[in-house]
Each structure stands twice: as structure tokens, then as C-alpha cells.
Amino acid sequence: MKHLIVIMGMLFCIACANKPNEYEPEKMADLASQLKDIAAALDGTLKFSDTHYTEGQQLLQDAIDNDANRLAPFNQFQLHVIIDETNAALLLCDNNTLLIEDAGCTAQSDVQHWRQPNNECKATLALSQVCN
């Protein structure tokens with residue numbers, strides 16, 4: 001009986017250590033593409049609007065022309081807008097886990113953290129270096 005408990009304990013530990021990534025690559029790639037487009041809209045709105053933005057959610061709403069359908073694919077996640085002077089970034093988070101980070105000033109999706117989602121939902125890109 002003692003050996004059975006030890007074996008079951010080892011199997012439990014192995015099962016926990018090999019937890020599969022819960023994010024499907026195809027779905028995440030699609031989200032990254034859509035996020036990139038919105039991040040580019042954020043950047044353009046921030047740089048070329050007459051409005052001085054300090055509130056990320058207002059910038060996001062103006063960048064998508066209040067079209068909530070553009071945000072629908074992200075309903076199960078949280079979007080955070082980062083404003084750093086004349087640059088903006090968009091973070092896609094799952095609770096407090098950073099999944100995708102995109103600076104709007106670049107043409108590609110910048111950092112896909114979802115492959116190793118152990119990061120806090122905080123910006124890791126230095127926008128002043130990435131965008132200037």
C-alpha cells in the first residue's frame with residue numbers, strides 16, 4: 001500500500017509538471033493579428049489626433065471609432081493600453097498573465113508571451129526605443 005501511494009504521488013507530480021499550454025496556437029495567432037491592427041490604430045490616433053490622450057480606454061475607443069465589434073474577439077481577455085508620450089502599446093492579458101504585447105508603431109506583432117505565459121500583465125517593451 002505504501003508503494004502504491006508513492007507511485008500515485010509521483011504520477012500526480014508528473015501530470016502537474018507537464019500541464020499543456022492552454023492557448024491554441026492558431027487562435028492566438030489570429031488574436032495577435034487583430035491586436036496588431038488595433039495597436040496600429042492606437043498609434044495613429046495618438047500621433048495624429050488633435051486630442052491629447054492620457055486615458056488609455058478613451059484612446060482605444062477613439063482608435064476603433066467606438067466599434068465594439070472590433071473588440072469582440074478579445075471578450076474573454078483584458079486589453080490594456082499603454083501610453084508613453086507619443087507612443088502607444090496594447091497588451092492582451094488573461095487575468096494577470098501577459099499573453100501578447102504590441103507596440104502600434106511597428107508593422108509586426110511584437111511579443112507573443114502566450115507561449116510561456118508566466119509574466120505579469122505589464123509592458124515589457126521600451127516604446128521609446130522600439131518606436132523611435
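In the predicted model, E120 has a relative accessibility of 46% and is therefore classed as partly exposed. The partner of E120 in a salt bridge is K122, with the closest N and O atoms 3.5 Å apart. K122 reaches 52% relative accessibility and so counts as exposed, the threshold for that class being over 50%.

A search of the whole structure returns three salt bridges. Besides the pair formed by K122 and E120, a salt bridge joins the side chains of D43 and K47, with an N to O distance of 2.6 Å. These two residues lie four positions apart in helix α2, which means that about one helical turn separates D43 from K47. The two partners fall into separate accessibility classes: D43 is buried, at 8% relative accessibility, whereas K47 is partly exposed, at 34%. A further salt bridge links the side chains of D37 and K36 at 3.0 Å, N to O. Here D37 is partly exposed, with a relative accessible area of 38%, and K36 is likewise partly exposed, with a value of 22%.

Helix α2, which spans residues 25-48, also contains T45. T45 has a relative accessible area of 16% and is buried, because the limit for this class is under 20%. When residues up to four places away in sequence are not counted, T45 touches Y53, L59, D62 and A63.

The largest nonpolar core comprises 26 residues, of which L42, L60, L79, L90, L92 and I100 touch the most other members. At least two residues of this core come from each of α2, α3 (56-63), β1 (78-84), β2 (87-94) and β3 (97-103). The greatest contribution is that of α2, which supplies nine residues. I100, one of the core members with the most contacts to other members, is in contact with M28, L31, A32, L35, L90, L91, L92, S109, V111, Q112, H113 and W114, once neighbours within four places in sequence are left aside.

Strand β2 is buried at eight of its eight residues, and the strand is therefore largely enclosed by the rest of the structure. N87, A89, L91 and C93 point to one side of β2, while A88, L90, L92 and D94 point the other way; residues of both sets are buried.

With β1, the pairing is antiparallel and extends over seven bridges; within it, H80 stands opposite L91 of β2. The two strands form a hairpin in which two residues lie between them, and E85 in the turn adopts a positive phi of about 55°. With β3, β2 is again paired in the antiparallel sense, over six bridges, and A89 stands opposite A103 of β3.

Technical notes: Residues are numbered from 1 along each chain as its sequence is written. This is a predicted model: local features need pLDDT of at least 70, side-chain atom pairs count only at pLDDT 80 or more; totals for chains, interfaces and linings use all residues. Side-chain values use heavy atoms; hydrogens and water are left out. Buried means under 20% relative accessible area, exposed over 50%, partly exposed in between (1.4 Å probe, protein chains only). Contact means heavy atoms within 4.5 Å. A nonpolar core is a set of buried Ala, Val, Leu, Ile, Met, Phe, Trp, Tyr and Cys residues joined through side-chain atoms within 4.5 Å. Two strands pair if DSSP finds at least two bridges between them. A salt bridge is a side-chain nitrogen of Lys or Arg within 4 Å of a carboxyl oxygen of Asp or Glu.
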